[in-house]
Amino acid sequence: MDFGVLEVANSKAPAAPGWAYVPDTGVNASVTALQPRKRARNQTGTPHDTTAKQDAKILRELAALDRENHKDVSIPVPIRHRDNAGRISHGKVTPGVRKILQSQKTFANHLVDYEALSALKPAATAAASSQPSSIPSTPTVRAAPATAAAPHLTSKGTRSHKKKDPNAVVASTPLRRVSTVSHATNTPQAIKADPDIPMLDAPITLCQGSSPDPAPHPGDKDPLLISRIPGMPSQEEIEKLLAAPPLSYTETTGSWTAEDRRKPVRQFCEVCGYWGRVRCMRYGA
Amino acid sequence: MDEGWWGGNFWAHASQLTPRRDPKFLGFQLPTTTTSITAFYHAKQRISIAIMAPTPGSRRTKSAGPPPPSHTLVVDNGAYTIKAGFSSPEIESPTPSIIPNCMARDREKKVYIGSQLSKCRDFGEVVFRRPVDKGYLVSWEAEKEIWEHEFFDQKAPLHCDPREVGLILTEAPNALPPLQANCDQIIFEEFGFPSYYRCPAPTLNAYNDIQSMFPIPPRVPLTPQLPAEILLLIDSGYSHTTITPLLQGRPLQSAIRRLDVGGKLMTNYLTRLLSIRQYDMRNDTYLVNEIKEACCYVSGDFKADMERTWKGPKGDRRLGYATAGGIAKDYILPDFHTRSKGYVRDHDPNAAGKLKNLTTGKSAEAAEDILTLRNERFAIPELLFSPSDIGLRQSGLPQLVMESLSALPFGLWPGFLANIIVVGGNANIEGYLYRLETEIRALAPAECIVRIGRPVDPIVSTWRGGATLAKDVDTLAKLSVTKQEYEEHGPVWVARRFGGKE
């Protein structure tokens, strides 16, 4: 019976309850989810096609797996008597220490702060590179947090581990470009101002092993049995490697190799753990 | 440089041994002809590196400071536990205490600090606060409370006066400089340690005798050369797993890699699976952690194990499903009245759990709460090898080892691959080493020998390295910073020094 309702095919699925005709452009995920037995047949596209919604769900689940407790809890530090009754007093609490002790920041907060500050760094280096080295020759100057923002690095990537100066590591090597870390020889300029500081980057020597060579064997010369051993890196190379500055937290995060990306992501049934897409056929929705 | 580090000489000896039949060591199957070994050995150049330690006496020529403290407090400040203890040249065999690095509160609202947790009898619904977040010391408020309780209080188990002992403190690699600065400041300004060495935890492992940790020790016991010349250290802990190549105890910073899978993630994943499939365990992570430690193993053949634990499709049940070829295990949950600790036993299909007994009318008290674990046992540690199973966009540990090596010159690969050591709590998981070795061998160049070893107690290995270092007063003094130097040169200088820059 016609109630005078005009059906309009619009291009977007309605957000509100109700229904509408939509153009059929392929397998609809919501439909296939309702018909799990047809799933294998209906599956198209690459295994990594995830929608924004699925991505958000994965992120949410990962965040849940990273939690310390199931619910948010706060366990305050018990209040203690700060008198000398049987307790070792460590002396007066300095303002800096008090600030650290009272900080409620999480690691995520620190990381975000650090990255935000390091994002400012390239501009700072560019400015600094036009000037001669701005590192103070006497490193006795205490870093006050207020001065931390000042561009304080040389163009040579010399790192100033200033307190509150998270710019430090940004001059570090990009992933896998070890050979560019060549400033090892430049770095100690400022440091040498203080004569009695030892160089931990002491000379490196290549030495022979202490064990005797094994007895020769007639098969040694057999071209089929010879294996080729890559030559050792030179001393400078090793020194360079050892002198490389630490990477930042994000740079050390292991990557997802291209080969692994090509492989389909394994899916397991949530109920029984067997192979499945969302649920295995047995427990299909 | 001693023989054995590269592996060539090592195998020349090993070929004279009888190959072990243990399937665990199948990965170590020896080449069949001696010819190939010797030729192989000869073809390679005798190469090795030694990095000279800083010339003795270059330091300590300095103005008369106070003499270095006679004892050193070695603190491996992990996210889950602190490994701490004293070491000095006089202490014959230093031993660490393992202290939970947390504040916990049970359902009666009683708060436990650090080692007090051992007094807790009821771990139901215990919640935790941990000062170490993602492996890095973040909350000094809580950490100070725990340290005070463990070290500085009058009745502390490891009582000491911070102004009279030196300190070796570990941190996770690639810490944020602001956090490192906070740490230095607290150590000197709040506690007032006279001398202090902060270092990435993996580096201390180089001070252990690593050659004795490999499954087949060298034929002639070598005098350990400390620190180890070359070592690829995999530290798999509570927060994450890091890969650190070390030369002469110094990290190759550009090659350090981190996999964001650690004990916490695995425990939480097991919690989720158990909560979906059996009981709601979301408020009992402590218990789930014990289940994980008792039951989980790394599968040598994931697909086959998965098939074995499959129930089969409807109407076509697999026969061996119930016991799944010995994979199925029952974990008897503690009830915190008669039993405060759970335990594992083989799955018994006839032993009914509490639920079944209730329905058949037997008394509920007699019954036990049983969790039956099947593919959960190996699907959890599988995350280390296939993080994408939970949507984590990282490659597995073996791939990351290769990624780490790819940042290094090819000439160092044989040395690193032949000297891989696994430490941290996850190294205790059964089957971990075998699987890691098999997969790395598959990825590594065919000529390279892959050896993976594990210390007897992988949890305290880092601490033991630190204790050994503390016995060598001169080396430690060269690495440490004194309070006087801190006051003279300031925190920036200290940070640079620990960063290996001065």
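A salt bridge here is a side-chain nitrogen of Lys or Arg within 4 Å of a carboxyl oxygen of Asp or Glu. This is a predicted model, where local features need pLDDT of at least 70, side-chain atom pairs count only at pLDDT 80 or more, and totals for chains, interfaces and linings use all residues. Residues are numbered from 1 along each chain as its sequence is written, chains are lettered from A and ligands numbered from 1 in the order in which they are written, and side-chain values use heavy atoms, with hydrogens and water left out.

**View 1. Lys341(B) pairs with Glu290(B).** Their side chains meet in a salt bridge at 2.8 Å, N to O. The partners sit 51 residues apart: Lys341(B) is in the loop between strands S16 (329–332) and S17 (343–346) of chain B, Glu290(B) in helix H7 (residues 285–295) of chain B. (Helices, H or I with at least four residues, and strands, E with at least two, are DSSP runs numbered from the N terminus.) Lys341(B) is exposed at 52% relative accessible area, while Glu290(B), at 16%, counts as buried. The cut-offs are under 20% for buried and over 50% for exposed, with partly exposed in between (1.4 Å probe, protein chains only).

View 2. Glu382(B) and Arg266(A) meet at 3.0 Å, N to O. Glu382(B) is buried at 1%; Arg266(A) is partly exposed at 21%.

**View 3. Helix H11 of chain B is largely enclosed by the rest of the structure.** That's because 9 of its 10 residues (397–406) are buried, among them Leu397(B), Gln399(B) and Glu403(B). The buried residues pack against helix H9 (258–262) of chain A, and against chain B elements including strand S12 (230–236) and helix H13 (432–443).

**View 4. The largest nonpolar core has 61 residues.** Such a core is a set of buried Ala, Val, Leu, Ile, Met, Phe, Trp, Tyr and Cys residues joined through side-chain atoms within 4.5 Å. Ile234(B), Ile291(B), Phe416(B) and Tyr432(B) touch the most other members. Helix H6 (residues 263–277) of chain B gives the most to this core, with 6 residues. Leaving aside neighbours within four places in sequence, Tyr432(B) is in contact (heavy atoms within 4.5 Å) with residues including Ile234(B), Val298(B) and Leu397(B).
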